[in-house]
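Subject: Structure handover

Hello,

Please find the structure below. My notes on it follow.

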Amino acid sequence: MTERIQLPDLSTQKDFVGTAFSPIYTTTVTVSGGVASHGRASGRAQSSDSALDIDLRMPGELGGDGRATNPEQLFAAGFAACFHGALSLVARQEEFDPADISVDATVAFGRDPNDGGYLLRVDLVVNWPEVDPETATPLLEQANALCPYARMAWHGTPTTITLAP
C-alpha cells in the first residue's frame with residue numbers, strides 16, 4: 001500500500017496580504033564552460049542542490065550538434081510543468097480529476113521585428129480529454145492567471161543583474 005504524496009499547502013483560496021514579494025522557494029542554477037563565441041549557451045547547467053546537472057548544446061537547427069538540451073527546451077519544460085500544476089490545482093478545486101491533463105509548450109526562438117534582437121514566443125496546447133471546451137475555458141483562464149510562468153510571459157518579471165564581486 002502506498003501513501004498519498006503530501007502536497008504543499010498552496011492554494012488560490014488563501015489570501016496573501018503583504019507589501020513585498022514573499023518567496024516560498026528559491027533555487028540557483030549555474031551555467032559555465034562551453035563554447036560561447038556564437039552567443040548561445042553551451043557548457044553545463046547545474047543546480048545548487050545538484051538535482052539538475054546537464055550539458056547544454058546548440059540545437060542542430062542553429063548549427064550545433066543537437067546532442068544535448070538547450071535553453072528553449074528547458075524553458076518549455078518549466079512553462080509546461082508550471083501551467084500543468086496551476087491547471088491541476090484549479091481543476092481539483094472544481095472537483096475534476098486532473099490525471100488526464102497534459103500540456104505541450106512550444107517555444108520558438110527568433111528575431112524581434114521591432115529591433116532585430118532575439119525574442120521567444122510560447123504556444124501552450126492543453127489536452128484534457130472528456131472535458132468540453134465550455135467547461136475548460138474558464139479553468140484555463142484561472143490557470144493562466146495563477147501560473148507564474150504565464151504571468152512572467154505576459155506581464156514581465158522583475159529581474160536584477162549584478163556583477164559578482
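Among contacts in the protein between residues at least 6 apart in sequence, what share joins residues at least 24 apart? The share is 40%, where a contact means heavy atoms within 4.5 Å.

Some ground rules first. The model is predicted, and local features need pLDDT of at least 70, side-chain atom pairs count only at pLDDT 80 or more, and totals for chains, interfaces and linings use all residues. Residues are numbered from 1 along each chain as its sequence is written, and side-chain values use heavy atoms, with hydrogens and water left out.

Overall layout

The protein has three helices and five strands, in the order β-β-β-α-β-β-α-α from the N terminus. These elements are DSSP runs numbered from the N terminus: helices are H or I with at least four residues, strands are E with at least two. Of the 165 residues in the protein, 22% are buried. Buried means under 20% relative accessible area, exposed means over 50%, and partly exposed lies in between (1.4 Å probe, protein chains only). The accessible surface comes to about 12400 Å², and 54% of that belongs to carbon and sulfur atoms. Accessible areas come from the Shrake-Rupley method with a 1.4 Å probe; for residues, only the protein chains shown count as cover.

Salt bridges

The count is two salt bridges, each defined as a side-chain nitrogen of Lys or Arg within 4 Å of a carboxyl oxygen of Asp or Glu. Arg 44 pairs with Asp 53, with the closest N and O atoms 2.7 Å apart. Arg 44 also meets Asp 55 in a salt bridge, at 2.3 Å from N to O. Asp 55 lies in strand S3 (residues 53-56) and Arg 44 in strand S2 (residues 43-47), so this pair ties together parts that are eleven residues apart in sequence. The relative accessible area is 34% for Arg 44, 36% for Asp 53 and 35% for Asp 55; Arg 44 is partly exposed, as is Asp 53, and so is Asp 55.

Asp 112 sits in the loop between S4 and strand S5 (118-127). Asp 112 is buried yet has no salt bridge, and the nearest side chain of opposite charge, Arg 111, is 9.8 Å away. For charge, Lys and Arg count as positive and Asp and Glu as negative, while His and the chain ends are not counted. Leaving aside residues up to four places away in sequence, Asp 112 touches Gly 117, Tyr 118 and Leu 119.

Cysteines

A search of the whole structure finds zero disulfides, a disulfide being a pair of cysteine sulfur atoms within 2.5 Å. Cys 82 is in no disulfide, and the nearest cysteine sulfur, that of Cys 147, is 3.2 Å away. That distance is too far for a bond. Cys 82 is buried at a relative accessible area of 18%, and Cys 147 is buried at 0%.

Surface patch

Leu 62, Phe 109, Tyr 118 and Leu 120 form a nonpolar patch on the surface, with about 370 Å² of accessible area together. Patches are made of residues with over 30% relative accessible area and no salt bridge; like charges are joined within 9 Å, and nonpolar side chains (Val, Leu, Ile, Met, Phe, Trp, Tyr) within 5 Å. Phe 109 belongs to strand S4 (residues 102-111) and is partly exposed, at 31%.

Regards
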